[in-house]
Amino acid sequence: MSEPRVRRAEIAIEQSHVDRVYRRLGELRSQAEDMRTKGYEIGHGAQREAVFEQASMLFERDMMVNHANQTLQSLDAEYEGLVFGRLDHTSTEPVYVGRLGIRDADFENLVTDWRAPAAAAFYQATAEAPMDVVRRRVIRCSGQQVLDVDDDVLMPESVPDDMPVVGEGALMAALGRARGEKMRDIVATIQKEQDEVIRAPWRGVTEITGGPGTGKTAVALHRAAYLLYRYRRQLGGAGVLVVGPSGVFTSYISRVLPSMGETNVELRALGEVLDGMEATRHDPAPLAAVKGSLRMRKVLLKAVRATPPDAPTELRIVYKGEVLKLGAKELDKARKKVHSAGGPPNRSRVRAAETLLGMLADKAEENAASGGPQLERADVIHDLGERIDFHRFLVTWWPVLYPAQVLRWLADDDRLARAAKNVLTADEIAPLAESLRGEGDDWTVADVALLDEIRVLIGPPPKRRKQRAQEIELDAEQTRDSDDPARSRTARPAHYDEYSHIVVDESQDLSPMQWRMLGRRGAHASWTIVGDPVQSSWPDPVESEQARTQAFGAKTKHRRYTLRTNYRNSAEIFDLAARVVSGRGADDADLPNAVRTTGLEPEVRTVDAHDREAAVHSAVKELLDSVDGTVGVICAMDRVPEVERWLAGQSEDRLKVVGSLDSKGLEYDAVALVEPTELITESLTGRRVLYVALTRATQQLTIVASDDDWR
């Protein structure tokens with residue numbers, strides 16, 4: 001039976017069990033409601049009894065109603081996604097793991113509470129110490145509907161022939177069943193090296209490197225789940241942040257480790273790290289390199305300290321018959337003086353007012369020296385400080401700043417040129433200004449780190465009285481709920497920066513500015529870093545390494561693990577990918593070892609440019625016919641709309657067209673790669689991007705090219 005059919009059959013099996021669980025949940029809810037109703041009836045009866053009996057009946061009522069309410073609250077709180085895991089052991093019945101323990105009417109276990117000892121293996125079992133677990137299954141639900149299942153095989157040699165295995169675990173099971181000591185040794189090696197990473201100490205920085213298909217992401221996620229279970233007291237309260245390159249990644253995480261979506265783990269793509277942002281659009285590689293460079297810190301600092309576009313250029317105020325005036329140059333001098341004292345602008349308005357009042361008092365003294373009325377300096381400052389016209393000027397001359405507002409100011413070529421003087425080149429300034437001329441929240445992923453940098457530079461806006469009162473109440477709630485992770489998690493303030501652990505996937509692609517953004521949130525955290533330097537799309541690794549080191553802070557322990565076995569790609573496919581990048585972006589020692597062979601060599605079809613559309617259409621149709629799973633069509637980023645038009649007639653849901661940069665982290669059963677040379681030329685890291693695209697296929701790879709330069 002094909003993999004998609006097996007998956008559908010297994011989903012149906014788990015749906016049957018989930019349906020049974022929710023039916024029982026409904027019965028328990030009805031029983032709790034009946035208990036609460038009976039409790040109230042006892043209370044009514046107590047009013048007609050003698051005093052000594054009344055107290056006893058009222059106590060019984062309170063106990064029944066309280067117990068019923070607690071039961072209903074628990075059932076309601078854990079209603080969504082109640083069942084999320086299953087453990088298949090070598091000898092005992094399967095154990096379903098969920099957010100709440102539930103038994104049927106005969107006291108048979110339907111769901112085991114994830115906190116119970118019997119569920120510990122869901123988090124703690126590894127290949128090295130499987131805890132008698134043959135298959136660990138993650139069940140992804142939406143409400144009462146089972147959407148998907150994904151298996152992890154911990155004892156490949158013990159998988160029965162009639163036990164279906166879905167997802168990455170299917171490959172491990174197949175390798176484990178394979179004949180010959182060599183394949184069994186490979187399985188043992190894979191699982192041992194992954195197990196060592198999962199169990200590594202939680203403090204400091206743990207770095208997981210490895211090439212495509214080595215299971216880096218899966219290992220990191222299992223490590224996060226293991227750490228949360230093993231060190232929940234140390235990590236659970238402050239919370240864990242998991243950051244990936246895209247929403248596709250966070251969706252994958254929620255499927256693999258649904259328990260991480262509860263109360264103490266946040267899953268965010270890079271475009272979502274800043275609260276309130278959901279950026280998905282990418283800049284062209286040269287522009288992204290500018291926005292991600294540490295040089296942008298200087299540009300943004302100048303932008304924050306520059307005069308706002310609508311600020312008045314003159315202050316005129318009449319005091320005791322005398323006109324006191326500050327011109328544009330004097331106001332610029334005042335602004336520089338305020339900024340030179342340090343402190344974020346949104347916390348410097350009082351200093352700005354004091355500076356202006358001092359300069360106005362100087363003007364009054366100059367007038368007195370020229371024969372004007374004699375005035376006390378203290379009186380001038382006090383009286384003008386009380387004037388409404390002075391405060392009206394102040395709020396327009398020194399306004400409250402907001403990150404998006406400041407970044408949009410740099411869409412003005414002249415303003416950006418002043419801020420970027422001696423920092424960026426003219427060739428860099430023009431496209432940067434153009435990219436910032438959007439509207440609303442139409443930001444790119446690279447912009448999010450700039451907005452976060454500005455947020456810190458300008459400081460938080462002043463709090464209004466009502467907001468301060470709400471925060472006082474919030475602090476009180478957090479104190480009351482400090483032992484309740486579900487409530488304390490939702491009460492976290494914006495831009496929370498006290499995470500206990502941070503997981504970063506595809507870390508090799510983070511820009512220096514993005515490392516700064518994450519570093520603010522991990523000042524007190526331990527880290528798990530996942531990446532592959534060979535796949536890096538960042539052009540300046542030295543600058544990136546500097547920012548990364550600063551983000552980690554003074555962490556005393558730094559350990560590195562390298563996964564060397566590629567069990568996603570066939571050896572035939574990976575050998576081609578390795579030839580493309582070996583010696584031109586990577587040493588052979590940096591490349592993993594592909595252990596699986598299929599006998600299917602990648603097919604290269606060289607065509608004339610005018611025959612390209614027909615060739616792609618034909619290749620895709622053949623791949624759809626030959627594999628039951630997904631087919632990916634990968635091309636240069638700017639060619640995606642065109643290729644989508646070519647394949648508009650192919651209505652298969654399992655067919656996806658993606659750009660080269662968006663293909664990172666994804667995998668398909670078969671891939672059609674369009675014009676590989678274009679992938680090299682569009683990127684600042686050239687062949688590394690092509691290497692990524694070539695390693696997305698698990699079974700078949702067809703390349704359509706109009707030249708051989710990419711070879």
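Student: Which residue is the bridge partner of V671 in β21?

Tutor: That would be L701. Before we go on, this is a predicted model, where local features need pLDDT of at least 70, side-chain atom pairs count only at pLDDT 80 or more, and totals for chains, interfaces and linings use all residues. Residues are numbered from 1 along each chain as its sequence is written, and side-chain values use heavy atoms, with hydrogens and water left out.

Student: What does it take for two strands to pair?

Tutor: Strands of a sheet pair through backbone hydrogen bonds, either parallel or antiparallel. Here two strands pair if DSSP finds at least two bridges between them. The strands (E, at least two residues) and helices (H or I, at least four) are DSSP runs, numbered from the N terminus. β20 (residues 668-674) and β21 (residues 697-705) pair in the parallel sense over six bridges.

Student: In what order do the strands of the open sheet run?

Tutor: The five strands go β17-β21-β20-β18-β19, with parallel pairing. At the edges sit β17 (603-606) and β19 (655-659), each pairing on one side only.

Student: Which strands does helix α24 touch?

Tutor: Contact means heavy atoms within 4.5 Å. By that rule α24 (residues 612-626) packs on the sheet and touches β17, β18 (631-635), β19, β20 and β21. Its direction makes about 165 degrees with that of β21; axes are lines fitted to C-alpha atoms, for helices over the stretch in contact, and angles run from 0 to 180 degrees between N-to-C directions.

Student: How many residues of strand β5 are buried?

Tutor: Buried means under 20% relative accessible area, exposed over 50%, and partly exposed in between (1.4 Å probe, protein chains only). In β5 (residues 133-142), seven of the 10 residues are buried. β5 and β6 (residues 145-153) pair in the antiparallel sense over eight bridges, and in their hairpin G143 takes a positive phi near 65 degrees.

Student: How many aromatic pairs are there in the whole structure?

Tutor: A pair of aromatic rings is described by the distance of the centres and the angle of the planes. Rings of Phe, Tyr and Trp (its six-membered ring) pair if their centres lie within 6.5 Å; planes under 30 degrees apart count as stacked, over 60 as edge-to-face and the rest as tilted. A search finds nine pairs. One of them is Y496 with Y499, edge-to-face at 4.8 Å centre to centre and 90 degrees between the planes. Y499 counts as buried because its relative accessibility is 3%.
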